[in-house]
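Here are a few notes for when you open this one up. Have a look first, then read on.

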Amino acid sequence: MGTRHTDSEGESRVGLPAAEPGPEPAAAPEPRETLEEPSSRTPAWARRTARAWRHPRLRLPKRIALALALVLLLPLLAAGVALRVNYAGDPAAGTQSRNRDALWMGHAWVDGRKRDADVKALAKRLRGTGIRDLYVHAGPLEHDGTLPGSAHPRARWLVDAVHRELPGVRVQAWLGDKLASEGPVGLRLERAATRTAVVGSTRQILAAGFDGVHFDLEPLHSGDRDYLSLLDDLRGVTRSAHVQLSVAAHQIDPLPAANAIRGALSGHPKWWSQSYFGQVARRVDQIAVMSYDTAMPLESLYGGYVAQQTSLALEVTPESTDLLMGLPFYYEDNLSHHGSAETVAAAVRGTRLGLSRTDRDRKNFGVALYVDFAARESDWTAYRKGWLP
């Protein structure tokens, strides 16, 4: 409040009549807080941007921008809700291991780093599981399709040791290479000479004693006819040798045109069409879906995604072909793989839900564990608890 003013002496003068009190001086106004204009604390460029954004001429462009944002966001939100719903419910009874599972294994098993004691430890680990196939890395292929014999010097030893310790378990040679589908360097399937060389490498690897051959060629774009031609040639070789032909497969397009949009925006298509997946599945004995590295941020979304992938794959895979869904036996945290979301437990549950809803009695079905050298004890526990009867 303001202060009242008094005479300079502070009292009336002696002997003089007291003066009539005049009107009391108006109190000084209370000081008010001064609010600064927002512009005084805001950078000039921001004020100019705000003024420009409020300009009437931008009314229509702003509405268009909002509409585009909704067009982009609403499908993503709807997809997220759908995946979460897809993860709900309980798997049907009996939707567990059919003893057709597989394990991807590193190159150390054929280059001399592993010994008999390692095979015995592996056998102890695998007994009582549903694992029937081992995909052992025996490459990679050269870009011209050839395979150096020096890449797998201990192949025969490994096959014999596994057959001794784990009767009935097959050892397949895992071969692969980077494709030149998105750059100048890599294996070119469009070249007939390269495909012929890959067939020759397959004969070579089977001569080393393997029970089959497992191909993983990436990035392989949906609709690649040269890959289908290669599989036709390879099938003739493996059938003549009475061994398995298996492939690692890309995931199936989860939404209409999702692969085309991603390819146009990034130059890196991710998915196969469901139709193309079926064309590949009809040409092989086994097809293992690489159902990881999905970029899903939550465990429930990842599990729902795996359930969807399982259903999509079952719909187009012949009953005579083994269909395996990949389990992430590793932990990473990056843009394409969130370890807290992509768990073995979620993948197993999603696999069982998809199997329950689509073809619960499918016999030629299993899971494939990627990969032995990165697996943690918790991954093996989740596999045993969720997938084994």
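1. At what angle do helix α7 and helix α9 pack, and how far apart are their axes? Residues 225-241 (α7) and residues 274-281 (α9) pack at about 20 degrees, axes 10 Å apart. The two helices are therefore roughly parallel (angles under 35 degrees count as such). The contact (heavy atoms within 4.5 Å) involves Arg225, Tyr227, Leu228 and Leu231 from α7, with Tyr276, Gln279 and Val280 from α9. By type, that is five nonpolar residues, one polar and one charged.

2. A word on provenance: this is a predicted model, where local features need pLDDT of at least 70, side-chain atom pairs count only at pLDDT 80 or more, and totals for chains, interfaces and linings use all residues. Residues are numbered from 1 along each chain as its sequence is written, and side-chain values use heavy atoms, with hydrogens and water left out.

3. Now the core. The largest nonpolar core holds 98 residues, and Leu134, Phe210, Tyr227 and Tyr383 have the most contacts inside it (buried Ala, Val, Leu, Ile, Met, Phe, Trp, Tyr and Cys joined through side-chain atoms within 4.5 Å). Helix α10, residues 299-316, gives the most to this core: eight residues. Beyond four places in sequence, Phe210 touches partners including Val110, Ala138, Ile205 and Val243.

4. Last, Gln244, which sits in strand β5 (residues 244-249). Gln244 is buried at 16% relative accessible area (the cut-off is under 20%, with a 1.4 Å probe and protein chains only). Gln244 and Arg170 are 74 residues apart in sequence but 9.0 Å apart C-alpha to C-alpha. Arg170 is also one of the contacts of Gln244, along with Asp211, Thr238 and Asp285, among others.

Terms used: Axes are lines fitted to C-alpha atoms, for helices over the stretch in contact, and angles run from 0 to 180 degrees between N-to-C directions. Helices (H or I, at least four residues) and strands (E, at least two) are DSSP runs, numbered from the N terminus. Angles under 35 degrees count as roughly parallel, over 145 as roughly antiparallel, 65 to 115 as roughly perpendicular and the rest as oblique. Ala, Val, Leu, Ile, Met, Phe, Trp, Tyr, Cys and Pro count as nonpolar, Asp, Glu, Lys and Arg as charged, and the others, Gly among them, as polar. Buried means under 20% relative accessible area, exposed over 50%, partly exposed in between (1.4 Å probe, protein chains only).
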